[in-house]
Amino acid sequence: MTPADWMMLAERFDLGAVRRTPAYVARGAMGEIWHLETTRGRWAVKWQFPWAPADSRPYDLQVQIASASAGIPLPRPVTTPGAEAVIPVGDRHARVYQWAELGLPLQPPVAEPSAAEVGRLLGILHGLAMKADGPVDPWYTAAPGPEVWAALADRAGAVRATWAVKLAGASALIAELTALVVPAPQRPTIICHRDFSPANVIPAASGDHLVVLDWENAGPLHAERELGYVLLTWTAAGRQFVTAAADALLSEYAAASGRDAQLEAGAFATAVAGQLNFLRVMADQAIGDPAHRRYAEEQIASLLDHDLDDLRHSIELVSAALELS
């Protein structure tokens, strides 16, 4: 981004004049986060990658506003005077949020107090029961078939990708996980966050509360599938599971949401589908997009070296502890 791009962004969002050189913070799957300081304050700017949705008034905007009003701490999204949340600047699209001072992400399995707060915040969101229009994105409900993995392994081998052999060797594990992606119960969906993980629910720098980030994926999902994903993500890690933390999370969730916190068989299907679809996309990107290859290969290495195996062990452990079958 050029100085002119930053000036244009600040002008379009009415942020005041840029005070100093913006600083790169981090990158994710959908874009890069930068810190911008202007005469009117400090802001988090997300410069989106080409595949990120670029609707000027995105679906998630009202979800964030409603969630913040209900008491969920989050960096407030900023809109232009014309009520646009996503705008083109140069050859990229950008979003702006109020800056939030954050601490370090929590490492699962988390302690009981943190798990309880995670359950409470998720319960507030689900308690809003925001109506979901349209079907659930298959990303959260379906896993790639064996023919997809075979084709990716062939393509990776053809370009001599360093991870090609590992992907082919993970076929049995991938098949075992895929079998866990079962259809959801015939119940209404609601608007969920759909990535309520330790990477996106981070302690404030003050340490006195959690801040929920990255709402761009918010959309329809079965509440119990998100609850299962969150329970697994926060209270288990590989061969570790903190029963007291899980109990606290489920109890606070039920109290805040007014919903049944009893999990059923298949509760972890969304957790599995998301990981497998992420591996599929990263593999495709590593093969076909040199500009993003390094990031994609780092994610692939993590998934194939331990993440998928850890996921399998966590599901086995939590399912046994909660007597899910």
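Begin with helices H7 and H8, whose crossing is right-handed, a crossing being left-handed if the near helix is turned anticlockwise from the far one by less than a right angle and right-handed if clockwise. The model is predicted, so that local features need pLDDT of at least 70 and side-chain atom pairs count only at pLDDT 80 or more, while totals for chains, interfaces and linings use all residues. Residues are numbered from 1 along each chain as its sequence is written, and side-chain values use heavy atoms, with hydrogens and water left out.

**The H7 and H8 pair**

Select residues 223-235 for H7 and 243-257 for H8, which pack at an angle of about 150° with their axes 10 Å apart; helices (H or I, at least four residues) and strands (E, at least two) are DSSP runs, numbered from the N terminus. The axes are lines fitted to C-alpha atoms, for helices over the stretch in contact, and angles run from 0 to 180 degrees between N-to-C directions. Now show the side chains: from H7, Ala-223, Leu-227, Val-230, Leu-231, Trp-234 and Thr-235 meet Ala-245, Ala-246, Leu-249, Leu-250 and Tyr-253 of H8, where contact means heavy atoms within 4.5 Å. By class, the contact of H7 with H8 has 10 nonpolar residues, one polar and no charged ones; Ala, Val, Leu, Ile, Met, Phe, Trp, Tyr, Cys and Pro count as nonpolar, Asp, Glu, Lys and Arg as charged, and the others, Gly among them, as polar.

**The H4 and H9 pair**

Next select H4 (residues 146-158) and H9 (residues 269-288), which pack at an angle of about 30° with their axes 10 Å apart. H4 and H9 are therefore roughly parallel to each other, a term for angles under 35 degrees, and their crossing is left-handed. On the H4 side the contact is made by Val-148, Trp-149, Leu-152, Arg-155 and Ala-156, and on the H9 side by Leu-276, Leu-279, Arg-280, Ala-283, Asp-284 and Ile-287. By class, this contact of H4 with H9 has eight nonpolar, no polar and three charged residues.

Move to E1 (residues 23-27), which is joined to E2 by four bridges in an antiparallel arrangement; two strands pair if DSSP finds at least two bridges between them. A hairpin through three residues connects E1 to E2, and Arg-27 stands opposite Glu-32 in E2. Follow Glu-32 onward, and its bridge partner in E3 is Trp-47.

E2 (residues 31-38) also runs antiparallel to E3, with eight bridges joining them, and these two strands form a hairpin with two residues between them. A further pair to display is His-35 with its bridge partner in E3, Ala-44. Seven of the eight residues of E2 are buried, so E2 is largely enclosed by the rest of the structure, buried meaning under 20% relative accessible area, exposed over 50%, and partly exposed in between (1.4 Å probe, protein chains only).

Selecting residues 41-48 brings up E3, where six of the eight residues are buried, so that this strand too is largely enclosed by the rest of the structure. Six bridges join E3 to the antiparallel strand E6 (residues 92-98), and there the bridge partner of Trp-47 is Ala-94.

**Arg-19**

Finally, select Arg-19, found in the loop between helix H1 (3-12) and E1. Arg-19 is exposed, with a relative accessible area of 51%. Leaving aside its neighbours within four places in sequence, Arg-19 is in contact with Glu-37, Thr-38 and Thr-39.

Notes: Angles under 35 degrees count as roughly parallel, over 145 as roughly antiparallel, 65 to 115 as roughly perpendicular and the rest as oblique.
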